[in-house]
Amino acid sequence: MALEPLVLPSADWSDWLSGHVRGNLRTSAETLELLKDDTPRDTAAVLGLWNDADIALRGAELAAALVVQVHPEPDVRRLAEELVQQVDRVRTDHDLDRVLYDIVAATESAGLDEAASRMREHVLRDFRRGGVDRDDRTRARLREISERLTLLDQDFGRAIRDDVRAIRLTPERLEGLPADFIAAHPPAEDGLVTITTDYPDYLPLRTYARDAEARRDLTVEFETRGWPANDAVLHEMFDLRDEKARLLGYDSWPDYDADVKMIGTGDAIAEFIERISTAADAASRRDLDALLARRREDEPTATTVDRSEVGYYTELIRREQYDVDARQVRRYFDFTRVRAGLLEITGRLFGLEYRPVDVPRWHEEVTAYDVYADGERRGRIYLDLHPREGKYKHAAQFDLVGGITDRLLPEGVLVCNFSRGLMEHQHVVTLFHEFGHLIHHVLGGRQDWARFSGVATEWDFVEAPSQLLEEWAWDATILGTFAVDETGTAIPAELVRRMRAAQDFGKGISVLTQVGYTAMSYLLHRDRPADQTEAVFDIMERHSRIAGLPGTHFQTAFGHLAGYTSAYYTYLWSLVIAKDLFSAFDIGDLFDPSVAHRYRDRILAPGGSRDAADLVAAFLGRPFTFDAFATWLDRAPVSNATRSAP
């Protein structure tokens with residue numbers, strides 16, 4: 001019997017969401033009560049009931065968490081937040097339920113297949129990490145901490161989501177920006193143009209505007225979102241995480257968090273930061289010297305490059321020395337054609353077909369597709385790709401339904417904030433990246449156990465498949481299939497070659513900026529400084545070498561401090577793996593089915609059913625290494641001027 005996707009409401013989202021979440025919570029509770037009815041059961045039966053309860057709990061959790069981030073009506077978002085709190089309380093109760101723990105712990109692993117045995121181990125591990133084996137007083141405090149952290153996480157995200165700031169400029173101060181951007185921002189009756197901190201405004205202005213004061217003013221507004229409300233939120237959040245870790249026997253939150261990741265320990269994060277910093281040192285110094293030299297052509301007395309200037313001068317150097325003008329490049333990237341090209345490329349790469357479906361959704365701009373492989377429906381995806389009031393402000397993939405073999409189709413949602421017209425190529429790369437998560441969720445969504453469905457590997461591996469897919473957004477042949485200008489002319493291969501060369505400039509600074517974010521997420525959790533802003537300025541200037549802007553509070557709008565906590569290193573750790581994975585592909589034929597399908601079947605399809613290191617070794621035929629990343633980082637940029645020299 002063919003599986004059917006979840007049916008979303010065409011109206012009255014509040015009633016639907018409340019019924020869906022509470023119904024799933026009721027099913028989960030009834031299933032666990034059955035598990036505790038003293039009926040003798042073998043291990044398979046115990047794990048099966050646990051899995052049934054987990055499927056229902058995840059069904060409640062995923063729908064509510066998505067609606068918080070995307071629904072246009074504030075009342076519905078508030079209801080969703082309340083439902084998320086209910087789900088988290090139930091999950092905490094499960095984690096601390098000694099009766100449930102004793103039932104699972106009393107089972108035996110003998111006779112189980114590899115997946116079931118792994119499932120049993122992970123359930124018991126989750127119980128211990130929740131504190132089930134602690135005394136009554138400690139368990140009570142852990143419950144209080146968990147409930148409070150849920151509220152703080154919501155407060156933190158809401159403050160960022162709702163804090164859209166703006167500057168107002170006279171039209172002449174938009175000099176340097178693309179014509180289509182200027183046309184889309186006409187002056188109001190008072191003669192001033194409003195530029196917001198949403199990405200379709202923020203990125204172009206800080207990249208192209210010749211007015212340094214305008215760039216600085218918008219950057220200050222962008223890096224002050226969430227202030228002052230989130231300052232107190234972060235202090236309490238970090239303190240509670242630290243307390244939780246210590247109650248569970250760890251020295252710090254980074255140690256607790258890293259214990260179930262590839263990296264293993266908090267100290268290993270610090271070591272990784274130093275290793276990446278050392279590897280990027282030469283490239284970043286080369287980049288910074290070039291940026292400062294170019295800035296001094298405009299301001300001879302300049303001694304630094306700050307965060308409002310790095311994007312502008314990087315773009316200027318790419319334009320002047322590599323003959324790549326991103327304002328001209330963007331005319332090849334009309335949003336509608338980019339979206340169609342992305343679907344065509346990933347469909348060809350992974351043997352998939354996307355069929356548009358006209359189904360209820362939460363906003364008219366959202367598009368939905370059923371995903372087919374070999375004529376069989378494998379899942380459903382939703383693309384919510386443009387900014388609007390009250391919506392999540394960054395780019396991410398959210399699960400809607402976790403796939404279960406013969407029971408549930410995987411469904412996922414891409415939530416981004418792209419232009420409705422012409423896109424920056426940087427945003428095209430981001431779209432490919434985020435779609436990599438979506439593909440992972442769908443292709444990894446044929447699992448017996450909910451615990452391993454979709455993007456369920458160790459968290460510091462989850463970015464690798466997405467970072468790998470970015471490579472397809474840099475290939476001239478692939479871009480030529482959908483990147484066309486207003487006359488229908490495809491982007492020239494020579495331009496793409498120059499774009500790739502230009503991209504090599506700035507990667508040292510880019511990597512060290514990521515190191516700065518990594519160190520910030522780690523050290524704010526480890527050290528819990530009294531003055532977070534001062535600490536962030538010190539961390540970012542020490543690691544990224546780009547000067548901060550006085551009056552800003554970057555951490556209060558750095559949403560990853562909620563979801564990724566102290567593990568922002570994940571992006572660089574995954575990048576090391578992604579570069580190694582890409583080394584297995586033929587850069588002359590990125591559609592080679594023998595490699596693409598092996599990658600699909602050995603990396604994506606297993607979901608979390610095996611350790612990430614084992615998945616990588618199964619694909620590469622060896623453990624991953626640092627070599628491909630180091631080679632990429634050491635490759636010096638070659639400008640057109642250098643190429644033409646005798």
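Visitor: What should I know before I start?
Guide: It's a predicted model, so local features need pLDDT of at least 70, side-chain atom pairs count only at pLDDT 80 or more, and totals for chains, interfaces and linings use all residues. Residues are numbered from 1 along each chain as its sequence is written, and side-chain values use heavy atoms, with hydrogens and water left out.

Visitor: How many helices and strands are in the protein?
Guide: Helices (H or I, at least four residues) and strands (E, at least two) are DSSP runs, numbered from the N terminus. Here you get 27 helices and seven strands.

Visitor: How much of the protein counts as buried?
Guide: Buried means under 20% relative accessible area, exposed over 50%, and partly exposed in between (1.4 Å probe, protein chains only). Of the 646 residues, 59% are buried.

Visitor: Which residue has a positive phi of about 55°?
Guide: That's Asp-374, which is not a glycine. You'll find Asp-374 in the loop between strand S4 (367-373) and strand S5 (376-384).

Visitor: Is Asp-374 buried or exposed?
Guide: Exposed, at 82% relative accessibility. Arg-545 also has a positive phi, near 65°, but Arg-545 is partly exposed, with a relative accessible area of 24%. Look for Arg-545 in the loop between helix H21 (532-544) and helix H22 (560-563).
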